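Here is a short tour of the structure for anyone who likes to keep a model open while reading. Have the viewer ready and follow along.

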Amino acid sequence: MHSEEYVPTASNSITARLAIENKPGMLAEITSTIGKHGGNIGAIDIVRARDSVLVRDITINTRSDDHARTIITHLGDLKGVRVVDVSDRTFLLHLGGKIEVNSKVPLRTRDQLSMAYTPGVARVCEAIHDRPDDAHRLTIKSNTVAVVSDGTAVLGLGDIGPEAAIPVMEGKAQLLKEFAGVNGFPICLDTTDVDEIVDTVVRMAPVFGAINLEDIGAPRCFEIEDRLRERLDIPVFHDDQHGTAVVAVAALINALKIVDKTPESLKVVLVGIGAAGTAVTHMLQNMGIENIIGVDRQGAVTRDRTDLNKAKRAYAAQTNPHNLTGSLSEVMDDADVFIGLSGPNVIDVDDLHRMADDPIVFAMANPEPEIRPEKAYPHVAVMATGRSDYPNQINNVLCFPGMFKGALACRATDITDGMKLAAAYAVADTIDDASRTADYIVPSVFDKAVVDRVAEAVEAAAHEEGVARTRS
Ligand SMILES: NC(=O)C1=CN([C@@H]2O[C@H](COP(=O)(O)OP(=O)(O)OC[C@H]3O[C@@H](n4cnc5c(N)ncnc54)[C@H](O)[C@@H]3O)[C@@H](O)[C@H]2O)C=CC1
Ligand SMILES: CC(=O)C(=O)O
Ligand SMILES: [Mg+2]
């Protein structure tokens, strides 16, 4: 599918400031030019009106940067129209960053200053010195998560480095705050060395109640998470692994109800054996699915392959029970479920035709899925992506805010498999039998009920699993 067939969205929207000759019919000419070239008009505002010239701001959703440029060129070609300025609304939103640190207590008088800061603060420091655990109660540690990345697997963009990773990590911090009231702080490390990452996180851990590892590529992410869990007494959770797995499992629980199939009967093909793909596979196995075939760039992951790293050898040992070999297309025959956690446009309609009746397709690569929904819809029973601009958004944002809220509330020392499973059922159960449809298998990320349901389920599971430090 070419980008011309995609729907314009706010992620590529511009505001065009136009100086327009003030005579009847000009606005109609402008709007029809935008429509003719595939732009979707949002707001139209008057900025200035002089006798002979009107200056208007017109907000236009486009499909891509090129598409935006084409529309602007055609507007500039109109007689009586001058393009004064074009701003990219997404870049405007990021100017100066998306989050900030705020003060929680008033600081207007000497009394307040002497309590919040010196000399009063000294007594609080001494109390924590006597009982270090009190940091959970008397400091920002109580409600703060470090969002740590090395910039190596950022949102499907790959290894773009720590500075370029900041907007995504700020975004994760913003989601924590907006959805769960939890503070998140973006920390992008200027190293990809496993030992250095582990040591750095251990040394900064005193300030944080939990660590969210984000967008650290496989296989290093597995060792980093394992070693940090061992060394720290606060939860360490690699969101791309476990947050993604929780939401994918929740979505599958509901999708199976739509197509009336059971986990035990399924053949699942999963492409992209990285952080997310590996964790999703493990969680699918925990829900009773045995026939999972993992596929990497070389084809099906089998026990006979000699080119696999340690993580993929372990993967091969636990998956592909019939040892299927071949390309992605070849192993798609009779698959009930396709899960993509790889990259853009990896499958096409022919692959969908190879699948069993009522195929379920979760094309979760960001920002561009393995197949676009517009293309897949006629050929599948259930379609989902990780994107905000289509129905069924399977995105780890449905998990990690509630997961951390629940874990921090009970001062958990760890996040266990039981807590993850509880979170998956909490997400799935947000949709009742009457509301569930093929286009509604996961709740909206704006559904306020989700975070609290997940947090409560996670907290209860933490108590059951013996990792909570508070009393139940
Ligand atoms: N919807 C969601 O909530 C989430 C989506 N993702 C997306 O999933 C993708 C993978 O993310 P991570 O696992 O964190 O990255 P990763 O770098 O750990 O793993 C990606 C794996 O996919 C493989 N891959 C890439 N293109 C492939 C292709 N054409 N065929 C076969 N294998 C291919 C890579 O070799 C690598 O092993 C990214 O696009 C990411 O944005 C990741 C986490 C959450
Ligand atoms: C959603 C997310 O965490 C990712 O694509 O990396
Ligand atoms: Mg991520």
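## Two cis prolines

Pro119 sits in the loop that links helix 4 to helix 5. This is a predicted model, and in it the peptide bond from Thr118 to Pro119 is cis, with omega near 10 degrees. Pro219 is placed in the loop between strand 7 and helix 9. As background, most peptide bonds are trans.

## The residues listed as active site

Which residues does UniProt list under "active site"? The unreviewed entry gives Tyr117 and Lys172. They are spread over 56 residues of sequence, and also in space, with up to 30.2 Å between C-alpha atoms.

Their surroundings are worth a look in turn. Tyr117 belongs to the loop between helix 4 (110-116) and helix 5 (120-130). Tyr117 counts as exposed because 11 other C-beta atoms lie within 10 Å, and the cut-off for exposed is 12 or fewer. Lys172, for its part, is in helix 7 (residues 161-180). Is Lys172 buried or exposed? Lys172 is buried, because it has 24 C-beta neighbours inside 10 Å, where 20 or more are needed.

## Domains

The chain is divided into domain 1 (3-94), domain 2 (110-234) and domain 3 (240-472). Between the centres of domain 1 and domain 2, taken over C-alpha atoms, the separation is 42 Å.

The unreviewed UniProt entry also lists residues 15-89 as "domain: ACT". In the model, this span is 33% helix and 47% strand, and its end C-alpha atoms lie 7 Å apart.

## Around ligand 1

Ligand 1 is surrounded by 28 residues, and the closest are Gly156, Gly272, Gly274, Asn366 and Gly386. Helix 10 (239-259), helix 11 (275-286) and strand 10 (291-296) are the elements that give two or more residues to this shell. Helix 11 contributes the most, with three residues.

Sorted by class, the shell around ligand 1 holds 13 nonpolar, 12 polar and three charged residues. Domain 2 and domain 3 each supply at least three residues to the shell of ligand 1.

## Around ligand 2

Which residues are found around ligand 2? They are Leu155, Gly156, Asp215, Asp239, Asp240, Asn366, Gly386, Asn395 and Asn396. One is nonpolar, five are polar and three are charged. As with the other ligand, domain 2 and domain 3 each give at least three residues to this shell.

Strand 5 (residues 144-149) runs parallel to strand 7 and is joined to it by four bridges, with Val145 partnered by Ala210. Strand 8 (residues 236-238) also pairs with strand 7 in the parallel sense, over three bridges, and here Ile211 stands opposite Val236. Together with helix 9 (residues 220-231), strands 7 and 8 make a right-handed β-α-β unit.

In strand 9 (residues 267-271), five of the five residues are buried. Lys267, Val269 and Val271 are on one side and Val268 and Leu270 on the other, so both faces are covered by the 20-or-more cut-off for buried residues.

Strand 9 pairs with strand 10 in the parallel sense over five bridges, and Val268 has Ile292 as its bridge partner. With helix 11, these two strands form a right-handed β-α-β unit. Strand 12 (residues 337-340) is joined to strand 9 by four bridges and runs parallel to it, with Leu270 opposite Ile339.

## Positive phi angles

Most residues other than glycine have a negative phi. Asp215, which is not a glycine, has a positive phi of about 55 degrees. It lies in the loop between strand 7 and helix 9 and counts as buried because 28 C-beta neighbours are inside 10 Å. Asp215 is also one of the residues around ligand 2.

Asn392 likewise has a positive phi of about 55 degrees although it is not a glycine. Its place is in the loop between strand 14 (382-385) and helix 16 (400-409), and Asn392 is buried, with 21 C-beta neighbours inside 10 Å.

Technical notes
Residues are numbered from 1 along each chain as its sequence is written. Chains are lettered from A and ligands numbered from 1 in the order in which they are written. This is a predicted model: local features need pLDDT of at least 70, side-chain atom pairs count only at pLDDT 80 or more; totals for chains, interfaces and linings use all residues. Domain bounds come from an automatic or database domain assignment. UniProt positions are given in the numbering used here, feature names are shortened, and annotations may be inferred rather than shown by experiment. A residue is near a molecule or strand if its C-beta atom, placed from the backbone, lies within 6 Å of it. Ala, Val, Leu, Ile, Met, Phe, Trp, Tyr, Cys and Pro count as nonpolar, Asp, Glu, Lys and Arg as charged, and the others, Gly among them, as polar. Two strands pair if DSSP finds at least two bridges between them. A crossover is right-handed if, with the strands pointing away from the viewer, the path from the first strand over the helix to the second runs clockwise.
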